[in-house]
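Thanks for taking a look at this one with me.

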Amino acid sequence: MLVGWDVTNTEAVEFAGWLGRSLPVRVQVTSNARSPWSKSLANAAKGRKKRMKEAQSTFDSRVEKALKEHLPRTQWSKDVARLVDSKDTVRSLYDTAEDFNADLILLGSRAKTPKGRFRPSSVADELMRSCPVPLGLAPRGVKLAKKGITRVTYAIVMEDEPVEPDFSGLDYATALACSLGLPLRIIAFSPTAYEKHSSSWNEQTLGILDRARDHAWALAEEFAPERCDHFDVTSAVSAAKSWKRSIDSVKWKKGDIMCLGSQPTQQLTSVFVGTREGEFIRYASVPVIVCPHAASKPKKAQ
């Protein structure tokens, strides 16, 4: 996992540590040398090599201090703190993720965000439209269970006129639940109250949930057939007069993680969060993993 460093908060580092309680992980933390925390380097031309070395040393100390609180050293990568000197922060994140062979990029929320909500920084906003690997987003001040992940929720962000989804990201959610022996919950969210929807909308939505459950069962049988006897899938509809109320009307626990698919793009293997999904994520009260539209099928469980 590649963690995007933010000097204003440690949510992404905490997210990595929390995932590490449930999954075998290897973590690297990265930042751009031209980021706000290192303005002196950003404006320095003379003696840049020396200043870069000093900045790396400072970065190492900050990262190690944060990691010691949340991850055992066995989960640190060899070069756990990587400072990159680049004018393009997003491009440097992509390149670092590729070099590290990252399966997941983790980012925290923007500063001055209400607790339990997510507001993307400019970097996160761009990654939400082009990330080549699954993208993990941590709400501000989120409280996480000491046991790690205890339940997986797959979110379907509904339109006012239901469109048959392709269940992007459901394979990821199913593989995660099967691997950890956890229940999978599939929820169709709508920012429109039940009474404002037509009976046709309700019927179509329930049909979509039926197909999503069938899809999850089929994936589970392919991914880990020996675990299907203990695989639990439930589904529900949460419709209220705003995304906030729709999300808050669902019962969430400290061990919940939410998986979300993304829309197709010309680069089919990249994340692309549409307008509705982007607005939905802003009110997420638990960590979110956004999956690329055409992520490969999960390997069978070992």
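1. A word on the element names before we start: helices (H or I, at least four residues) and strands (E, at least two) are DSSP runs, numbered from the N terminus. Please also keep in mind that this is a predicted model.

2. Let's begin with Lys 112. You will find Lys 112 in the loop that runs between β4 (105-108) and α5 (122-127). The phi angle of Lys 112 is near 60 degrees, which is a positive value in a residue other than glycine. Lys 112 is exposed, because its relative accessible area of 84% is over the 50% cut-off.

3. Phe 167 also deserves a visit. Its phi is near 60 degrees, again a positive value in a residue other than glycine. Phe 167 sits in the loop between β6 (151-157) and α6 (170-180). Is Phe 167 buried or exposed? Phe 167 counts as buried, since its relative accessibility is 9%, and buried means under 20%.

4. Now for the inside. Searching the whole structure turns up one cavity of 30 Å³ or more. The volume of the largest cavity is about 40 Å³.

5. Which residues line the largest cavity? They are Val 3, Gly 4, Trp 5, Asp 6, Asn 9, Thr 10, Ala 12 and Val 13. Two elements, β1 (2-4) and α1 (11-20), each give two or more residues to this lining. Sorted by class, the lining has four nonpolar, three polar and one charged residues.

Technical notes: Residues are numbered from 1 along each chain as its sequence is written. This is a predicted model: local features need pLDDT of at least 70, side-chain atom pairs count only at pLDDT 80 or more; totals for chains, interfaces and linings use all residues. Side-chain values use heavy atoms; hydrogens and water are left out. On a 1 Å grid over the protein atoms alone, a cavity is a set of points where a 1.4 Å probe fits but cannot get out, and a pocket is an open set with protein on both sides within 12 Å along at least five of seven lines; lining residues have an atom within 4 Å of a point. Grid points are joined across faces, edges and corners, and a volume is the space filled by probe spheres set on the points. Ala, Val, Leu, Ile, Met, Phe, Trp, Tyr, Cys and Pro count as nonpolar, Asp, Glu, Lys and Arg as charged, and the others, Gly among them, as polar. Buried means under 20% relative accessible area, exposed over 50%, partly exposed in between (1.4 Å probe, protein chains only).
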